[in-house]
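Good morning, and thank you for coming. I would like to walk you through one protein model, from its overall division down to a few individual residues.

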Amino acid sequence: MVQSSGYTTVDGEFDPIEERSFYTIDDFKINGKTIILRVDINSSINPNNGEILDDTRIRRHSATVKELSQKKSKVVILAHQSRPGKLDCVSLNEHSKRMSNIIGKNIKFIPDIYGEAVQASIKSMSNGDIIMLENVRFDNEEIELNKFENDNFKAQANAKMITTLSPLADLFVNDAFAAAHRCQPSLVGFSEIIPAVAGRVMQRELDFLGKAISSGPNPRVALLGGSKAADSVSISEYFLKKGVDYVLTGGVVANIFLLAAGIDIGGPSSTFIENNIKNHSEVVNKAKELITNYKDKILYPTDVAINQNGKRIGIPVENLPSKYPIHDIGLDTLVNYINLIKSAGTIIANGPMGVFENQEFAIGTKEIFESISKSNGMTVVGGGETAMAFNQMGFSKSIEHISTGGGACIAFMADETMPALEAMRRSKIKFE
Ligand code: 3PG
């Protein structure tokens with residue numbers, strides 16, 4: 001199995017000379033063509049009334065849908081919402097209405113995925129028409145055939161959804177970056193039978209994330225925080241291998257590096273790591289290795305803020321261990337990080353610096369995020385909780401690229417195999 005995403009990730013905007021390892025919409029004449037478009041509009045939903053609480057992803061994908069329709073292709077949208085057994089695993093009817101409003105054109109919703117009604121509707125489509133099919137996760141094969149096995153996507157390509165819909169379509173456009181770490185039929189099955197190309201959301205994600213990690217303007221600075229410490233240590237390793245100049249750490253990630261540097265962080269913070277980070281000793285050992293190999297490139301706090309019965313108390317790390325938990329970076333660390341951010345040509349950020357939900361401990365995250373938003377460099381922010389924090393703090397408008405992916409963004413940044421990207425790459429080779 002291919003272990004590296006290894007994708008050419010250069011956007012025309014950045015560098016039109018290099019060739020991508022996947023097709024984009026620009027590589028095909030799509031006028032009059034039937035396109036299966038996989039998007040990721042998995043949204044947060046109020047399970048009591050089905051109301052869509054955040055339509056960010058629907059808005060982002062609307063641009064691709066609109067472009068395909070305006071270029072006179074027949075657009076058949078596939079997407080998922082949540083997972084079976086969860087209260088928000090609902091129909092996509094509301095999603096289709098919301099998207100229709102955004103693009104100002106009717107999207108016909110069909111409450112089925114590949115049955116006769118769907119087949120008849122696709123056959124009767126006119127150029128520019130758009131239909132949205134039902135939540136693909138209502139289909140058993142979509143749920144069950146989810147492994148990248150024997151280095152191929154045969155099982156997924158043989159799923160009923162794929163064998164039924166592929167003969168009706170000319171092209172598969174995969175825009176679902178946020179689900180690209182999954183290996184389900186709707187993501188990897190079509191590319192075996194019809195050419196697969198990246199949609200605009202996918203293209204932008206790969207271009208921006210790839211560029212920020214590998215070849216953005218120097219110096220390149222990464223900010224890694226939050227509690228997904230094992231992922232962040234893997235991400236640090238990949239970033240440093242790719243030549244990122246500085247990795248600034250906060251949150252539980254910083255605590256791992258403090259431990260790796262031989263600093264006793266105290267009972268509560270250590271217990272948190274023991275209880276919440278799987279294989280934490282291995283993670284700390286990996287962090288130690290990184291500190292040894294990339295000595296001045298990985299930064300961890302020189303001072304921290306501990307939560308002393310709800311009160312913020314700043315202490316230098318020399319005064320650790322503390323019987324109180326570490327809940328933010330300290331002010332000296334903050335100033336140091338901000339200076340590095342100010343001089344950065346590229347900044348890629350994932351995760352908060354502390355427990356920012358509590359005002360007392362939001363200072364580190366808020367000041368750092370604000371300085372990123374003011375940067376003149378290229379700014380890229382991970383999806384999920386980080387994106388939400390930038391939004392809540394009012395800094396998201398000044399960020400060049402905010403990822404739509406949560407788990408997918410982390411997988412990409414950690415250089416894990418991403419089946420849907422692999423499927424697109426293989427499709428390009430197959431249909432060249
Ligand atoms: C996400 O929200 O991260 C994506 O839609 C993937 O969803 P999943 O984790 O349920 O596959």
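Predicted model: local features only at pLDDT ≥ 70, side-chain atom pairs only at ≥ 80, totals over all residues.

Is His95 buried or exposed? Its relative accessible area is 0%, and we call a residue buried when that value is under 20%, so His95 is buried. Which residues does His95 touch, once neighbours within four places in sequence are set aside? They are Ile41, Ser43, Ile45, Ile52, Ile58, Gln81 and Met132.

Let us now step back to the whole chain. The protein is divided into two parts: domain 1, made of 17-205 together with 417-431, and domain 2, which covers 218-376. Taken over C-alpha atoms, the centres of domain 1 and domain 2 are 37 Å apart.

My next residue is Asn174, in strand S6, which runs over residues 171-174. Asn174 is buried, because its relative accessible area is 0%. A polar atom of the Asn174 side chain lies 2.9 Å from the backbone nitrogen of Ala176. Not counting residues up to four places away in sequence, Asn174 touches Arg38, Leu187, Val197, Ala198, Gly199, Met202, Ala420 and Met424.

How many residues along the chain separate Met418 from Arg182? The answer is 236, and the C-alpha atoms of these two residues are separated by 7.1 Å.

Finally, I would like to consider a pair of helices. The axes of helix H10, residues 251-260, and helix H12, residues 280-293, come within 8 Å and cross at roughly 70°. H10 and H12 are therefore roughly perpendicular to each other. On the H10 side, the contact is made by Ile256, Phe257, Leu259 and Ala260. On the H12 side, the residues are Val283, Val284, Ala287, Lys288, Leu290 and Ile291. What is the make-up of this contact by class? The contact of H10 with H12 has 9 nonpolar residues, 1 charged residue and no polar ones.

Thank you for your attention; I would be glad to take questions.

Technical notes. Residues numbered from 1 in each chain as written. Heavy atoms only, no water. Helix = DSSP H or I, 4+ residues; strand = E, 2+ residues; numbered from the N terminus. Buried < 20%, exposed > 50% of the residue type's maximum accessible area, 1.4 Å probe, protein only. Polar contact = N/O pair within 3.5 Å; in protein donor to acceptor, adjacent residues only side chain to side chain. Contact = heavy atoms within 4.5 Å. Domains from an automatic or database assignment. Axes fitted to C-alpha atoms, helices over the stretch in contact; angles between N-to-C directions. Parallel < 35°, antiparallel > 145°, perpendicular 65-115°, else oblique. Nonpolar A, V, L, I, M, F, W, Y, C, P; charged D, E, K, R; others polar.
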